[in-house]
Amino acid sequence: MITYLALLRGINVGGKRKVPMKELSEVFVRAGCSDVETYIQSGNVIFSADNTTPAHLSDTLVSGIGERFGFQVPVVLRTAEELAQVVRNNPFLKNGTDEETLHVLFLSDLPHPDCVDALDPDRSIPDAFAVCGREVYLRLPDGVARTKLTNQYFDSKLRTIGTMRNWRTVATLLERTKR
C-alpha cells in the first residue's frame, strides 16, 4: 500500500461547492482507498491505496466526487514521499524566508519548459515564485488576497491545473502522512 495525499481544488470556499468531510471520506473508501483521513475543510485527504497509477486513481476520485456531489473538482495527487520532497526542496526556505509568507501550488501535470520560461517574474512584485517540477513555490509577503500569482494565472500559462496550499498546511499534511 502507498500513502497518498489528495488535494481537491475549490471546495468549501465562500459557501460554494460544499462537501462534508465525512461524505468525502466515504467517496474515497468506495474508490478502494483505506486509512482515509481528512484535514481541514479545504479538501485535503490522506489515504492508502494499492499500486494503482496516480492518473487512474485521480480519475476515479474525480468521477466519484462528481457522482456524489453533482459537480466536478480537480484532484491533484502526491505520494507521501513526493510530499516530503516538496518540503525538502522549497527554494525560499533555503534563503530564510518567513514561512508565513510561503505557499505551494501543486500542479496536476508537469508543465512544458517553454510555458515555464514564458512566465512573468515581475507580474506581482514583491511576490516571487519558483517552478520546480510539478510544484510552484510562492513567496507572497502581502498575502494571497493581494497577489496576481493566482491559480488562474498559472493554469492558463502552464496549461495545467493547480491547487494552492499555505506552507503551514503543507507541513502539517506531511506530518500526518507519517502516522
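**From a loop residue to the packed helices**

A: Isoleucine 40 lies in the loop that runs between β2 and β3. The model is a predicted one. Although isoleucine 40 is not a glycine, its phi is positive, at about 45 degrees. As background, most residues other than glycine have a negative phi. Isoleucine 40 has a relative accessible area of 41%. That value falls between the limits of 20% and 50%, so isoleucine 40 counts as partly exposed.

Strand β2, residues 34–39, holds another residue of this kind, aspartate 35. Phi of aspartate 35 is near 50 degrees, which is positive in a residue other than glycine. The relative accessible area of aspartate 35 is 61%. Exposed means over 50%, so aspartate 35 is exposed.

Serine 25 sits in helix α1, and serine 25 touches Val36 and Thr38, leaving aside residues up to four places away in sequence. Is serine 25 buried or exposed? Its relative accessible area is 17%. The limit for buried is under 20%, so serine 25 is buried.

Helix α1 also packs against helix α2, at an angle of about 135 degrees and with the axes 9 Å apart. In general, two packed helices are described by these two quantities, the angle between their axes and the distance between the axes. On the α1 side, the contact is made by Glu23, Leu24, Val27 and Phe28, and on the α2 side by Leu61, Gly64, Ile65, Arg68 and Phe69. Sorted by class, this contact has six nonpolar residues, one polar residue and two charged residues.

Phe28 of that contact also belongs to the largest nonpolar core, which has 22 residues. Within this core, Leu8, Phe28 and Phe47 touch the most other members. At least two core residues come from each of β1 (2–8), α1 (21–30), β3 (44–49), α2 (54–69) and β4 (75–79). The largest share is that of α2, with five residues. In soluble globular proteins, nonpolar side chains tend to be buried together. There is also a second, separate core of 20 residues, which includes Leu83, Leu102, Tyr137 and Leu174.

The axes of α3 (residues 80–88) and α6 (residues 167–177) come within 10 Å and cross at roughly 140 degrees. That angle makes α3 oblique to α6. The crossing of α3 and α6 is left-handed. By class, nine of the contact residues are nonpolar, one is polar and none is charged.

Most peptide bonds are trans. Isoleucine 125 and proline 126, however, are joined by a cis peptide bond, with omega at about 15 degrees. Proline 126 is placed in the loop between α4 (113–117) and β6 (128–132).

Note on methods. Residues are numbered from 1 along each chain as its sequence is written. This is a predicted model: local features need pLDDT of at least 70, side-chain atom pairs count only at pLDDT 80 or more; totals for chains, interfaces and linings use all residues. Side-chain values use heavy atoms; hydrogens and water are left out. A nonpolar core is a set of buried Ala, Val, Leu, Ile, Met, Phe, Trp, Tyr and Cys residues joined through side-chain atoms within 4.5 Å. Buried means under 20% relative accessible area, exposed over 50%, partly exposed in between (1.4 Å probe, protein chains only). Helices (H or I, at least four residues) and strands (E, at least two) are DSSP runs, numbered from the N terminus. Axes are lines fitted to C-alpha atoms, for helices over the stretch in contact, and angles run from 0 to 180 degrees between N-to-C directions. Contact means heavy atoms within 4.5 Å. Ala, Val, Leu, Ile, Met, Phe, Trp, Tyr, Cys and Pro count as nonpolar, Asp, Glu, Lys and Arg as charged, and the others, Gly among them, as polar. Angles under 35 degrees count as roughly parallel, over 145 as roughly antiparallel, 65 to 115 as roughly perpendicular and the rest as oblique. A crossing is left-handed if the near helix is turned anticlockwise from the far one by less than a right angle, and right-handed if clockwise.
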